[in-house]
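Hi everyone, thanks for coming along. I'd like to walk you through a structure that may be new to you, so please have a look at it with me.

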Amino acid sequence: MAKEESKKDSFRMNMKGCTNNGFVQNEPVIEREIDSNQEDPLKTSNVDIPFPELDPTIIKPYAGMPKEVLLLYSSQARYRVTREILFWLIIASVLVLISATIAIIILSPKCLDWWQVSPIYQIYPRSFKDSNQDGNGDLKGIEEKLDHIINLNIKNVWITSFYKSSIKDFRYGVEDFREIDPIFGTMREFENLVAAIHDKGLKLILDFIPNHTSDNHIWFQLSRNRTGKYTDYYIWHNCTQEGNSTKPPNNWLSVYGNSSWQYDDVRNQCYFHQFTKEQPDLNFRNPDVQEEIKEIIRFWLGKGVDGFSFDAVKFLLEATHLRNEPQVDKNQILVTNYSELYHDYTTTQIGMHDILRSFRQTMDQFSREPGRYRFMGTEVRNQEDIGETMTYYGEPFVQEANFPFNFYLTEVNVLSGTKVFEVVESWMKNMPEGKWPNWRIGGPDIVRSSSRCGKDYINVMNMLILTLPGTPITYYGEEIGMENLLRADVNESYDITTLFSKSPMQWDNSSNAGFSEGNQTWLPINTDYQVLNVEVQKTQATSPLKLYQKLSALRLNELLLSRGWLCYLWHDANVVVYMRELDGLDKVFTMVLNFGETTEVNLQALSIGLPEKASIKMSTMSPTRSETVTTNAVTARKGEGLILEHKMPKLLHHQEAFKDKCLVSSKACYSSFLNILYDAC
């Protein structure tokens with residue numbers, strides 16, 4: 001019996017180190033003092049009892065088990081297989097997510113940029129808001145009225161020229177491209193305006209005419225004195241001066257008529273000017289001039305400007321051979337008007353597009369930060385040849401302008417459904433594939449739409465540009481239907497015909513229409529300001545202002561209007577009918593726009609599968625109009641625009657009959673399941 005007990009004690013001592021470390025002893029351990037002289041029984045024991053191997057089928061898992069025990073269990077099939085399944089599931093899930101992400105990126109269409117998402121609001125700064133009571137609008141006044149632009153659901157502000165200048169004939173004879181004209185404020189006020197615009201989530205576009213300067217510009221003064229590199233900054237040629245008359249080098253004419261050559265008695269040569277004699281043309285065949293202009297672009301981009309509208313760009317280069325331009329009427333003896341010549345040697349010369357592309361490349365240097373792409377637009381005004389206008393988009397792999405500004409609707413003086421259709425179709429069909437259109441109905445040097453076409457049609461014109469694909473451009477005051485001035489009494493030297501569309505903005509019915517608190521304004525206030533102003537229209541449910549806000553909000557929130565196909569349905573002397581549709585959406589919008597007298601349209605006669613009834617999404621005349629119409633008898637009153645919402649059994653752009661009648665700028669489809677756009681339609 002004693003031997004058995006001795007074996008047990010020896011076994012217990014050999015088990016030291018294999019105890020359950022998860023067990024916590026409640027009783028204090030009393031350690032006995034061991035005599036150093038006393039022999040350790042463990043060391044003197046000659047009994048060798050082997051420790052049995054642990055059988056994982058017998059020993060159960062427990063908390064705090066040592067690594068050796070844990071490894072015994074982890075190698076069992078039930079644990080190993082489960083672990084491997086989970087591992088490969090995780091790997092597969094990661095691969096699926098990566099593949100899905102790559103697929104979405106590849107299949108997704110390019111996101112619309114800021115200049116595509118929102119309309120552009122063009123401001124003539126001298127007429128927008130006066131902040132210092134001097135009768136002239138200024139930069140600080142624009143800052144005070146930014147909330148008005150935001151309330152229009154517009155995020156892009158385009159300000160016309162405010163550089164130090166005489167503003168002669170509004171052709172921007174700039175004296176210093178890096179200075180603010182004192183009429184408009186200071187550089188600090190400009191910097192405050194840029195900061196306020198960006199703080200409110202808006203973007204800023206500036207006007208810039210690189211073609212010419214003022215004759216008071218320091219470059220011209222140095223050039224006329226043949227000073228260093230500035231000698232050839234302008235276009236100089238020998239000419240004959242006989243008394244008060246000058247015999248020019250050739251028959252080239254100014255846009256305003258008469259010879260485009262002006263004798264300078266300091267240099268004893270003639271300089272070339274496409275516009276007024278106070279605005280000499282720069283010599284863009286001189287690389288130093290090109291670099292000067294690019295430095296100016298960099299200067300303003302460095303100030304935070306988000307884009308430029310380059311004006312009068314077709315005049316940048318002239319032929320060097322100085323041949324006479326051909327006459328329209330070869331038998332005409334005296335030629336003095338610009339329209340009496342074919343301008344083969346003074347517009348759109350070879351190399352002009354290369355200069356514009358260099359401007360684009362300069363702007364691209366400032367477009368590398370996310371969300372800071374710099375917009376470039378060009379003003380061409382080449383109404384005779386739309387194909388030439390389209391060249392300003394650039395080549396397929398060489399970017400130029402984001403778009404040349406579209407002035408074709410501003411040339412329509414007598415409205416009709418057919419004329420409007422022709423203008424829209426012409427731009428969309430001639431536009432290079434993948435490019436982005438734009439639409440406008442007014443501008444600083446253009447008769448206001450309400451005066452040109454009639455105030456009954458301002459709402460339907462706004463509905464047109466806000467429901468077509470592309471970027472709408474709104475000239476200040478068009479959102480309330482402002483009309484041209486009837487008179488313009490100013491004590492300054494201007495081309496009077498350009499003044500009538502620049503009357504001060506009509507904010508309210510107070511003195512000076514809320515434009516200025518001064519005693520006098522630089523131009524008269526339009527006489528209708530007491531009944532036609534922003535504050536009054538805020539209270540009118542069917543006012544142009546209210547309609548504009550609703551239309552711009554609809555455009556912002558509806559994929560049909562921002563990304564959808566445009567399909568032409570019908571046009572006649574009165575109406576234009578077109579549809580906006582998008583693959584993946586279960587609805588379409590059909591626009592019925594009446595540019596003539598009250599008429600009735602039978603849409604069922606088109607035989608395209610329209611439903612018998614459609615709901616009225618919006619009307620330009622009455623928010624309380626019946627919610628539905630029968631599509632075989634849609635009545636559109638004079639100047640009324642309707643947006644009809646309905647379903648289609650088969651989208652038109654998939655139908656063979658509409659193959660040439662449906663156009664899209666950027667192809668996209670919508671997945672309602674994933675709530676994303678993709679282009680693999």
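Let's begin at a turn: in the hairpin formed by strand 19 and strand 20, six residues lie between the strands, and G584 there takes a positive phi near 100°. When I say helix or strand, I mean DSSP runs numbered from the N terminus, with H or I over at least four residues for helices and E over at least two for strands.

A word on where this comes from: the model is predicted, so local features need pLDDT of at least 70 and side-chain atom pairs count only at pLDDT 80 or more, while totals for chains, interfaces and linings use all residues. Residues are numbered from 1 along each chain as its sequence is written, and side-chain values use heavy atoms, with hydrogens and water left out.

Strand 19 covers residues 575-581, and it runs antiparallel to strand 20 with six bridges joining them; strands pair if DSSP finds at least two bridges between them.

Now for helix 15, residues 458-467: 10 of its 10 residues are buried. Among them are N459, N462 and T467.

Which residues touch the most other members of the largest nonpolar core? In that core of 136 residues, they are F162, F190, L206, W300 and F308. Helix 15 gives the most to this core, with seven residues. A second, separate core has 24 residues, including M579, V588, V629 and F658. By core I mean buried Ala, Val, Leu, Ile, Met, Phe, Trp, Tyr and Cys residues joined through side-chain atoms within 4.5 Å.

Finally, the whole chain: it has 18 helices and 28 strands, and of its 681 residues, 50% count as buried.

Definitions and conventions
Buried < 20%, exposed > 50% of the residue type's maximum accessible area, 1.4 Å probe, protein only.
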